[in-house]
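Hi there,

Here is the structure I promised to hand over to you. Please have a look at it first, and then read on for my notes on what turned up.

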Amino acid sequence: MRGDYMKTILKIIVAAIGAVITLNGAALFFVSNVNLGNFLSIGLGAVIILIALLFNKLAQWLKILLLSGIGVAVVLSSILIADGKNDTVTYSEDAIIVLGAAVHGKTPSRTLRYRLKKAVEYHEQNPDAIIIVSGGQGAQEDISEAEAMKIYLIENGVASDKIIKEDKSTSTTENFAFSKEILDKTFDNDYAVAFVTNEYHILRASLCAKRAGLENTTHLHSNTTLSYLISGTLRECLAVVKYIIFK
């Protein structure tokens, strides 16, 4: 009896976790631009609910498949977050690249504002470094991410002549490739560059920077709020796998 009671409690707890993740993914559609991460959150939550309520009725191969998939996602997500929190900036770099994120109309999303706050903090310690704001205009954005970032930085005390816009990129790979073109024209000699992005994005961003030919790079992470962490990290897991397979 006690064993059955504990199993019931465990099922309820696991199902509740799945429900929270599903509702979080659904809620993001109302407060952020539509992206794959939102769908992945809903899907993960639904799978967890399925496992909790129907575990004994599922075929053995399906149990293994579902649990293995969740396990891989948890491990990879943990690696991305842990690795990304180890900042390497020296505050002596010649430039810093702020990688773009969603803009709601003309307003930087919460994720992008956190990156920009880190850029402002960096600027306060290294005011001589130029700041490249990198990001084009998405389908749900009234202005480019670069323009929104420049406005934010100026409003927060950064001189406009310290900011250079890169407003054509649509991916992390292009962020660095197009930013490098600007840096090569700006500096005659070798230069050091830092970049700022969310902790879960640091690993792939570092790989993209190296592919673009930016060898002397450091990074600074911005934290992600819990409400965006699951969707952002799940999407990044797929992006990392895609990058590795198709690089």
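A salt bridge, as the term is used here, is a side-chain nitrogen of Lys or Arg within 4 Å of a carboxyl oxygen of Asp or Glu. Please keep in mind throughout that you are looking at a predicted model.

**Salt bridges**

In one of them, the side chains of Glu-236 and Arg-204 meet at 2.7 Å, N to O. This pair links distant parts of the chain, with Glu-236 in helix α8 (residues 226-246) and Arg-204 in helix α7, 32 residues apart. Are these two residues buried or exposed? Both Glu-236 and Arg-204 are buried.

Another salt bridge joins Glu-147 to Lys-165, at 2.6 Å from N to O. Here too, distant parts of the chain are linked: Glu-147 sits in helix α5 (residues 145-155) and Lys-165 in strand β5, 18 residues apart. Glu-147 is partly exposed, at 25% relative accessible area, and Lys-165 is partly exposed as well, at 33%.

The side chains of Glu-199 and Lys-85 also meet in a salt bridge, at 3.7 Å, N to O. Glu-199 lies in the loop between β6 and α7 (202-211), and Lys-85 lies in the loop between α3 (60-84) and β1, so this pair ties together parts that are 114 residues apart in sequence. Glu-199 is buried, with a relative accessible area of 2%, whereas Lys-85 is partly exposed, with 39%.

**The sheet**

Next, the strands. Five of them make an open sheet in the order β5-β4-β1-β6-β7, and the pairing is parallel. At the edges are β5 (163-166) and β7 (217-222), each of which pairs on one side only. On average, neighbouring strands of this sheet are turned by 25° against each other, direction ignored.

Strand β6 (residues 193-198) and β7 pair in the parallel sense over 6 bridges, and His-221 in β7 is the bridge partner of Thr-197. Although β7 is an edge strand, β7 is mostly covered, with 5 of its 6 residues buried.

**Cysteines**

How many disulfides are there? The count comes to 0. A disulfide would need a pair of cysteine sulfur atoms within 2.5 Å. The sulfur of Cys-208 is 15 Å from the closest cysteine sulfur, which belongs to Cys-237, and that is too far for a bond. Cys-208 counts as buried, at 1% relative accessibility, and Cys-237 also counts as buried, at 8%.

**A patch on the surface**

Finally, look at the surface around Met-6. Tyr-5, Met-6, Ile-9, Ile-12, Ile-13 and Ile-17 form a nonpolar patch there, with about 570 Å² of accessible area together. Met-6 has its place in helix α1 (residues 2-31) and counts as partly exposed, at 45% relative accessibility.

Best wishes

Note on methods. Residues numbered from 1 in each chain as written. Predicted model: local features only at pLDDT ≥ 70, side-chain atom pairs only at ≥ 80, totals over all residues. Heavy atoms only, no water. Buried < 20%, exposed > 50% of the residue type's maximum accessible area, 1.4 Å probe, protein only. Patch = residues over 30% accessible without salt bridge, like charges linked within 9 Å, V, L, I, M, F, W, Y side chains within 5 Å. Areas by Shrake-Rupley, 256 points an atom, 1.4 Å probe, with all protein chains shown as cover. Helix = DSSP H or I, 4+ residues; strand = E, 2+ residues; numbered from the N terminus. Pairing = 2+ DSSP bridges. Axes fitted to C-alpha atoms, helices over the stretch in contact; angles between N-to-C directions.
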